[in-house]
Amino acid sequence: MALPKVAVVGYPNVGKSTLVNRLSESREAVVHEQPGVTRDRKEIEAEWNGRRFLLVDTGGVDLEEEHDLARSVQAQARQALSESQVAVLVVDARAGLRGGDDDLARELRRAAIPVLVAANKIDSARSLPDAAEFYGLGLGDPIAVSGVQGLGTGDLLDRITDALEHAPEPEDDTDLIRLAVIGRPNVGKSSLVNRVLGEERVIVSERAGTTRDAIDTRVEIEGRPTLLVDTAGLRRRTKVAGSVDWYAQLRSERAAERADVAIVMCDASEGVTTEDMRIADLAMHKHCATVVALNKWDVNDTDLDFVKARINQKLRQRPRVLTASAKTGRGVRRLLLEAIGLADRARTRIPTPELNRFLGDVQAARQPPAVRGKRLKMYYMTQFEERPPRFSIQVNEKGALTRDYAFFIENRLRERYGLEGVPLIIDFRTSS
């Protein structure tokens, strides 16, 4: 059973994301002075007095806005409310009561869950009386808080945990598999996530850069509990420095860091670009297993063999390349099963006797090199770490090991145990 959810909703630019970061003691939600930064619903774990729950940060809702993106943000906020056990309506005490607050309050009064009013931006004790104006919303006593200063947040957390008193306790999630969907902007990451979930969990738009956060969603795939993470499109940092996209970039990189497997989405109509290679390499350096997905396969005739050969040549971890169409669903199940299988293989510990048989086969297939008259001999191999797998090989002379032969061993290890796409570490040690 998942953690209970608390939906944080409000008019644009009232400080919802700042308050969510304060309550969760994190910096997960993107905060920027520009209004409308948050669009999708972002779930962030928080804990208070031993009670764990998810804060669901939502985009600013202005019910008078009718353009497509505004309607998508409104739909995301309503979905968050429908899945939550408690709602927190955030209002701007500095700006005072506005028509948009009344519109939201009218909708929340019909909600079947408890609703708390957080009068935000009360940054000093002198401003406490400003909260009183929001009694008129008809949702009970407003709680004076400051997302920036932390004033009153303990009182708000007390009220939240009291409202969650009868919510069921979550189950242990040690077996949870974390899959991050990463890639360049506008290659179909959000479309893939929505296809898997069977709903518009994240906003999809033809305009690049719509997703600005790493959006976590729990789902069961073939009976396996899975955390699916949609991320903002990755660009070179120099191109986004100083903008909202800079923070989205950092969260996308962090999503790869905490994932078991990264699904690197590419646009099949463009093939695998140099930037796609860079993103896959980034995942490897974050110690994340990787599978490459060529999306939009239904509308192009890319040479798949050429793509696979290029990836094997350019990427050290040699990830598998699969084709899929997020639009039609073709190949998506196979892609997910490959990602889950890759996560399992990356967690596996290979028995030492098996590794020593492998070591003998490698030396029989290709004689170790001789450097300055000294030939490399390998005596013993064992695995001593997982995620990423780390191995130790005892040798007679490290100076006799060439870079080419070390890569040969690594590639044979991937082929033997299905570790294509898994970052491996092999330490060569001498007995002295």
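## Helix packing, sheets and local contacts in the predicted model

Leu19, Arg22 and Leu23 in helix α1 meet Thr153, Leu156 and Leu157 in helix α4, where contact means heavy atoms within 4.5 Å. Helices (H or I, at least four residues) and strands (E, at least two) are DSSP runs, numbered from the N terminus. Residues are numbered from 1 along each chain as its sequence is written, and side-chain values use heavy atoms, with hydrogens and water left out.

The axes of α1 (residues 16-24) and α4 (residues 153-163) come within 10 Å and cross at roughly 80°; axes are lines fitted to C-alpha atoms, for helices over the stretch in contact, with angles from 0 to 180 degrees between N-to-C directions. The two helices are therefore roughly perpendicular to each other (65 to 115 degrees; under 35 is roughly parallel, over 145 roughly antiparallel, the rest oblique). Another crossing involves α5 (residues 189-197) and α10 (residues 332-347), whose axes come within 11 Å at roughly 95°. That angle makes α5 roughly perpendicular to α10. Here the meeting residues are Leu192, Arg195 and Val196 from α5 and Val332, Leu335 and Leu336 from α10.

Zooming out, the chain contains 12 helices and 17 strands. Of its 432 residues, 54% are buried (under 20% relative accessible area; exposed is over 50%, partly exposed in between, with a 1.4 Å probe and protein chains only). Among contacts with a separation of 6 or more, 71% are between residues 24 or more positions apart.

Next comes an open sheet of six strands, ordered β2-β3-β1-β4-β5-β6, with mixed pairing; two strands pair if DSSP finds at least two bridges between them. Its edges are β2 (42-48) and β6 (143-144), each of which pairs on one side only. Inside the sheet, β1 runs parallel to β3 (residues 51-57), and four bridges join them. Lys5 sits opposite Leu54 of β3. Helix α3 lies across β1, β4 and β5, running at about 165° to β4. The buried residues of α3 (residues 99-108) are Gly100, Asp101, Asp103, Leu104, Ala105 and Leu108. They pack against β1 (5-10), α2 (68-83), β4 (86-92) and β5 (115-120).

Strand β11 is mostly covered, with seven of its seven residues buried. Ala289, Val291, Ala293 and Asn295 point one way from β11, while Thr290, Val292 and Leu294 point the other way; both sets are buried. β11 pairs with β10 (residues 261-267) in the parallel sense over seven bridges, and Met265 has Ala293 in β11 as its bridge partner.

Leu294 is buried, at a relative accessible area of 0%. Outside the four places on either side in sequence, Leu294 touches Cys266, Ala268, Val272, Leu304, Val307, Val321, Leu322, Thr323 and Ala324. One of these, Thr323, is 29 residues away along the chain, with a C-alpha separation of 4.7 Å from Leu294.

With residues up to four places away in sequence left out, Arg310 touches Val272, Thr273, Thr274 and Met277. Arg310 and Val272 are 38 residues apart in sequence, and their C-alpha atoms are 8.6 Å apart in space. Arg310 counts as partly exposed because its relative accessible area is 24%.

Finally, the rings. Searching the whole structure turns up two aromatic pairs. In one involving Tyr405 and Phe408, the ring centres are 5.6 Å apart and the planes are at 35°, so the pair is tilted (Phe, Tyr and Trp rings, the latter by its six-membered ring, pair with centres within 6.5 Å; planes under 30 degrees apart are stacked, over 60 edge-to-face, the rest tilted). Tyr405 and Phe408 share helix α12 (residues 403-417), where they are three residues apart, about one turn of the helix. Both Tyr405 and Phe408 are buried. Phe408 also has Arg366 over its face, at 4.8 Å from the ring centre; a charge sits over a ring if NZ of Lys or CZ of Arg is within 6 Å of the ring centre and within 35 degrees of the ring normal.

Technical notes: This is a predicted model: local features need pLDDT of at least 70, side-chain atom pairs count only at pLDDT 80 or more; totals for chains, interfaces and linings use all residues.
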